[in-house]
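Reader: I have the sequence and the coordinates open and would like to walk through them with you. Could we take it piece by piece?

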Amino acid sequence: MAHINQNFTKLPGGYLFPEIGRRVRAFSAEGTSMPLIRLGIGDVTLPLALVVVEALHRASEEMGHKETFRGYCEETCGAYDFLRFAIRDSYLARGVQVSDEEIFVSDGAKSDCGNIGDIFSVDNVVAVCDPVYPVYVDTNAMAGRAGDYDGEKWTNLVYLPCTAENGFFPSLPEGRVPDLIYICSPNNPTGAAATREQLKVWVDYANAHGSVILYDSAYEAFITQPGIPHSIYEVEGARTCAIEFRSFSKTAGFTGVRCAYTVVPKDLVREGASLNAMWNRRQGTKFNGVSYMVQRAAEATFTPEGQKQIRQNIDYYLNNARVIREGLSAAGLTVYGGVNAPYIWARTPEGEGSWAFFDKLLHQACVVTTPGAGFGPSGEGYIRLTAFGDAAATAEAVERIKNIL
């Protein structure tokens, strides 16, 4: 008889967003008084930039001719040089030294954040911010690093509370020293962005203890305030302790196209082994790379016209964030985020539970949000709203919420 991975049986319920979908479908089946407005799952709504569409068309045309057809990519880990060089140059433009051999292209930052655990021992102690993007927790639970779920927390994880009191950025842990440390900035779900000084504390800590920071910067393009690092490698010492994840999903609207990249510095060595070489081996074994057409589309985003066009989309979403932030604040809610990130983190009124407030907004305002409790214990008492909707619908959703408060 085949034996299953028993760690899957420890997972509580379903993944957060499918549970939201289940509740929304059940409510919709009853019939709604108003059209639903979705400010829950962070999916983009604007179409791809014209330069991206044109690049896709050109690449698809190439695939239709023998002379220009592309099969398996034989370059580094299924990533074409033209895209890796474009990514490298984007780092260099910010004064950050990253070589093309340290860049690994993939189908999504979510995949890489989960798959990176393959190169680390199951015995590693994992630290996660709380609240946290659920993928960090669930994939480590599946691997057997999280221990058992006690109804609120996983017994083997080190939780790093991120609250209003500490500006939604964690303090160094007391007690157990984590081996793997997940940090997301700008943060999903709170919208907070770490300063260089805050990151330096963690870089020094990781280097002192031999830990590795798994740094998710999928939302760096939404940073508006000067002085906020777009990459952890802007911080001295990060090349010897940090792996960085980036994505085209929210930056360029690739949620349905799928492309991302991970940077693993060659300076990053643990127990005498190069993590760059290990990740290269893992990807070469388990992954055949992103399609040629998609890589050409991603390359187009780094052109001057591409940067201009995707910036217009980002500004559109940031304006939605401003509308949500200002509208909910005027309605009396305490709100955070929405300045350097496409997410608004709002405290529920009068201590109302996250799921209870989610249901209230769904049933009374026909607005879909995300309950903060789904991101971890410290998320209780909050909801997350995304700025990725249509501008008119976003403004209407804010008015609906104001009307029921």
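Reader: Happy to start with one cysteine. Which residues does Cys-259 touch, leaving out those up to four places away in sequence?

Author: Keep in mind that this is a predicted model. Setting aside residues up to four places away in sequence, the contacts of Cys-259 include Leu-83, Val-105, Ser-106, Asp-107 and Gly-108.

Reader: Which residues have the most contacts inside the largest nonpolar core?

Author: Nonpolar side chains tend to be buried together in soluble globular proteins. Here the largest nonpolar core has 50 residues. Helix α6, residues 196-209, gives the most to this core, with 5 residues. The residues with the most contacts inside the core are Ile-213, Tyr-233, Phe-254 and Cys-259.

Reader: How many residues does the second, separate core have?

Author: This core includes Ile-119, Val-137, Leu-157 and Trp-279.

Reader: Now the backbone. Where is Pro-131, and what is the omega of the peptide bond from Asp-130 to Pro-131?

Author: Pro-131 sits in the loop between β3 (126-130) and α5 (134-143). The peptide bond from Asp-130 to Pro-131 is cis, with omega near 10°.

Reader: And what is omega for the cis peptide bond that joins Ser-185 and Pro-186?

Author: Pro-186 is placed in the loop between β5 (180-184) and α6. For the cis bond joining Ser-185 to Pro-186, omega is about -10°.

Reader: Is Glu-271, which is not a glycine but has a positive phi, buried or exposed?

Author: Glu-271 has a phi of about 50° and is found in the loop between β9 (269-270) and β10 (273-274). Exposed means over 50% relative accessible area. Glu-271 has 88%, so this residue is exposed.

Reader: Glu-350 has a positive phi too; is this residue buried or exposed?

Author: Glu-350, not a glycine either, has a phi of about 55°. Its place is in the loop between β12 (343-347) and α11 (354-365). With a relative accessibility of 85%, Glu-350 counts as exposed.

Reader: Last, the open sheet of 4 strands: which strands stand at the edges?

Author: The strand order is β11-β12-β15-β14, with antiparallel pairing. Inside the sheet, 5 bridges join β12 to β15 (residues 382-386), and Arg-347 has Tyr-382 in β15 as its bridge partner. Each edge strand has a single partner strand, so one side is left without a neighbour in the sheet; the edge strands are β11 (335-337) and β14 (370-371).

Note on methods
Residues numbered from 1 in each chain as written. Predicted model: local features only at pLDDT ≥ 70, side-chain atom pairs only at ≥ 80, totals over all residues. Heavy atoms only, no water. Core = buried A, V, L, I, M, F, W, Y, C linked by side-chain atoms within 4.5 Å. Buried < 20%, exposed > 50% of the residue type's maximum accessible area, 1.4 Å probe, protein only. Helix = DSSP H or I, 4+ residues; strand = E, 2+ residues; numbered from the N terminus. Contact = heavy atoms within 4.5 Å. Pairing = 2+ DSSP bridges.
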